[in-house]
Amino acid sequence: MDTTSHTDQTTSATAEQAVRGSSSRSPATLPTGSAEGGAVSTATTTGEGHQLHIDSVVLSARGLRCRYGRFEAVRGIDLEVRRGELFALLGTNGAGKTTTLETLEGQRSADDGDVEVLGLDPRADRRALAARIGVMFQASGLPGDLTPGEVLDVWTRLVPGAPRHLDAAAVLDRVDLGHRAEVRVRQLSGGERRRLELALALVNDPELIFLDEPTTAMDPEARQRTWRILEDLRAEGATIVLTTHYLEEAEALADRLAIMHGGHLATTGTLAEMVASQHATITARLPDDTPRLPSPLEANAAQDASGRLIVSTPRLQDDLSELLSWADTHGVHLEGLQAADASLAQVFHRIADSSPANEDVTITSQEGAR
Ligand code: ATP
């Protein structure tokens with residue numbers, strides 16, 4: 001676990017506050033370039049062209065390891081999230097996403113590695129951290145007999161940093177639940193409960209928000225509405241870290257993302273960086289006894305189990321033109337022709353289909369779940 005001295009933490013927190021300025025929720029607007037004292041300032045453009053002014057690393061993990069008894073769920077990951085970005089943590093089932101999130105939130109200790117969140121040690125400084133972060137758990141077990149307004153009222157008393165008199169109506173409006181303030185929680189739909197859980201994460205106006213699978217159980221319409229809420233929060237300056245199994249959610253929202261598999265971080269970067277490493281794909285079903293494909297195409301071509309042609313190419317337009325011209329010349333009908341750029345799904349499936357880097361889990365001390 002992090003053995004950073006108190007002095008170092010104080011220095012780090014002070015630098016953090018200096019960068020943060022007087023309003024914790026103001027979008028960062030510092031000039032780009034490298035800053036002194038470890039607060040890195042850069043600018044980047046997301047896939048959707050939205051320009052981020054990233055002035056500091058708000059969260060970092062180095063060599064993070066987490067164990068449940070003899071089982072190592074998180075196996076030495078390095079992670080960095082910068083102020084103002086929406087970071088999506090994807091991964092296969094059991095990859096270690098929730099365990100990682102819980103460690104960053106200060107709910108559990110790391111077994112090894114260094115973790116710093118908002119300049120604090122999340123475990124040692126968890127009360128101070130709790131006042132500045134919002135957490136939406138994967139399942140929180142809301143009390144069915146209370147109304148959303150009452151749940152917010154109770155929750156506000158428990159969360160450090162929450163105002164003494166919360167404007168519950170405003171918080172419920174923010175998550176599109178204003179019209180459901182007076183019904184019992186048990187009467188809410190699954191999607192409405194998730195939005196109430198999101199509201200709970202917002203009561204202290206957090207600068208960093210952790211959301212564990214925020215749109216699970218939502219229909220496509222409710223999911224889109226939740227995406228808009230998250231985009232609004234980011235536009236107001238909040239940093240958001242979320243886990244999701246919906247690739248389209250990560251594609252729609254994330255400034256940067258990471259994919260975990262078997263306790264390892266398999267890849268991290270922007271969507272554009274991730275798909276750039278993949279080839280585009282052309283698929284079509286060819287009739288029997290077709291002539292040979294031109295040699296450059298043939299070199300990249302394969303057939304799937306159903307006999308469908310699959311061409312994997314770094315030059316989609318050139319190879320597609322070549323295929324169409326060949327089909328024209330030979331009178332070949334390309335049934336079900338499809339051409340697609342590389343996608344996040346491709347990247348994800350390549351990782352999911354691979355064996356995670358196997359490491360022997362040798363535990364000599366600290367055995368047993370905490
Ligand atoms: P999912 O996407 O399925 O929610 P995840 O990526 O969030 O999974 P974790 O919940 O972090 O994964 O779990 C990582 C591994 O640790 C899994 O193999 C899980 O079974 C195991 N695990 C999680 N919690 C415990 C626990 N309390 N005791 C023992 N093993 C646990």
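**Close-up 1. Strands β13 and β15 pair in the antiparallel sense.** Strand β13 covers residues 280-285, and five bridges link it to β15. Strands are DSSP runs (E, at least two residues), and helices are runs of H or I with at least four; both are numbered from the N terminus. Two strands pair if DSSP finds at least two bridges between them. T281 has S312 of β15 as its bridge partner. The model is predicted: local features need pLDDT of at least 70, side-chain atom pairs count only at pLDDT 80 or more, and totals for chains, interfaces and linings use all residues. Residues are numbered from 1 along each chain as its sequence is written.

**Close-up 2. β14 and β15 form a hairpin.** Strand β14 (residues 301-303) pairs with β15 in the antiparallel sense over three bridges. Q303 stands opposite L309 of β15. Five residues lie between the two strands. In the turn, G307 has a positive phi of about 90°.

**Close-up 3. Side chains alternate along β15, residues 309-313.** L309, V311 and T313 point to one face and are buried (20 or more other C-beta atoms within 10 Å of the residue's own, with C-beta atoms placed from the backbone).

**Close-up 4. Helices α4 and α6 cross at roughly 30°.** Helix α4 spans residues 148-158 and α6 spans 190-200; their axes come within 10 Å. Axes are lines fitted to C-alpha atoms over the stretch in contact, and angles run from 0 to 180 degrees between N-to-C directions. The two helices are therefore roughly parallel (angles under 35 degrees).

Note on methods:
Angles under 35 degrees count as roughly parallel, over 145 as roughly antiparallel, 65 to 115 as roughly perpendicular and the rest as oblique. A residue is buried if 20 or more other C-beta atoms lie within 10 Å of its own, exposed if 12 or fewer, and partly exposed in between; C-beta atoms are placed from the backbone.
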